[in-house]
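Trainee: I would like to learn how to read a model like this one. Could we go through it feature by feature?

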Amino acid sequence: MKQKIIPIITSVGKIWGRDAIFLDEVKIVNEITFEITGDFNGNLCENLEDDTSQKYHIIFNSVHLFKMTELDYDEIEYESSFDEITNSEQLAKMIKMDNEMHIGKIDKSYRHFVFRTYDSVFEIIGTGFELNLK
């Protein structure tokens with residue numbers, strides 16, 4: 001089955017546009033947990049009022065892939081500023097390797113996310129995320 005890009009609908013709705021997500025900090029909590037903080041632009045989030053800014057804090061859990069690419073060099077297709085890649089080729093490759101080598105670290109419960117900030121694109125494979133608004 002071919003991989004598909006699907007927008008993630010968050011508590012602020014669909015997030016869309018280069019100016020939608022601003023980045024303040026990326027923090028490596030431990031080798032499998034990453035935190036990203038910054039601001040959402042209310043003009044580009046479905047459920048926020050125009051001309052507002054909303055602080056966010058997102059935690060990605062059980063991370064087995066974390067890549068950062070400068071936005072202008074990103075080659076991943078997109079539907080929004082925060083997407084999930086279903087039927088991910090990268091995730092399938094990692095699961096196959098895990099099975100062949102009997103590693104036991106990754107399975108079909110993992111998900112492939114793409115989080116696009118103003119200047120950077122984060123590609124994450126993990127079990128999930130928690131989005132908190134401040």
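Trainee: How many residues does helix H1 have, and what span does H1 reach?

Mentor: Helices (H or I, at least four residues) and strands (E, at least two) are DSSP runs, numbered from the N terminus. The expected span of a helix is 1.5 Å times one less than its number of residues. H1 covers residues 89–101, so 13 residues, and reaches 18 Å from first C-alpha to last, close to the 18 Å expected. This is a predicted model: local features need pLDDT of at least 70, side-chain atom pairs count only at pLDDT 80 or more, and totals for chains, interfaces and linings use all residues. Residues are numbered from 1 along each chain as its sequence is written, and side-chain values use heavy atoms, with hydrogens and water left out.

Trainee: Which residues of H1 are buried?

Mentor: Buried means under 20% relative accessible area, exposed over 50%, partly exposed in between (1.4 Å probe, protein chains only). In H1, the buried ones are Leu91, Met94, Ile95 and Asp98. They fall within an arc of 100° seen down the axis, so they line one face of the helix. That arc is taken from the directions from the helix axis to the C-beta atoms. The face turned away carries exposed Glu89, Lys93, Lys96, Glu100 and Met101.

Trainee: What covers the buried residues of H1?

Mentor: The cover includes strands E5 (65–70), E7 (111–116) and E8 (120–126). Contact here means heavy atoms within 4.5 Å.

Trainee: Which residues have the most contacts inside the largest nonpolar core?

Mentor: In soluble globular proteins, nonpolar side chains tend to be buried together. A nonpolar core is a set of buried Ala, Val, Leu, Ile, Met, Phe, Trp, Tyr and Cys residues joined through side-chain atoms within 4.5 Å. The largest has 20 residues, and Phe40, Tyr56, Ile58, Phe60 and Phe115 have the most contacts inside it. Strands E3 (33–41), E4 (53–61), E7 and E8 each supply at least two of its residues. Apart from this core lies another, of seven residues, among them Leu65, Met94, Ile106 and Tyr110.
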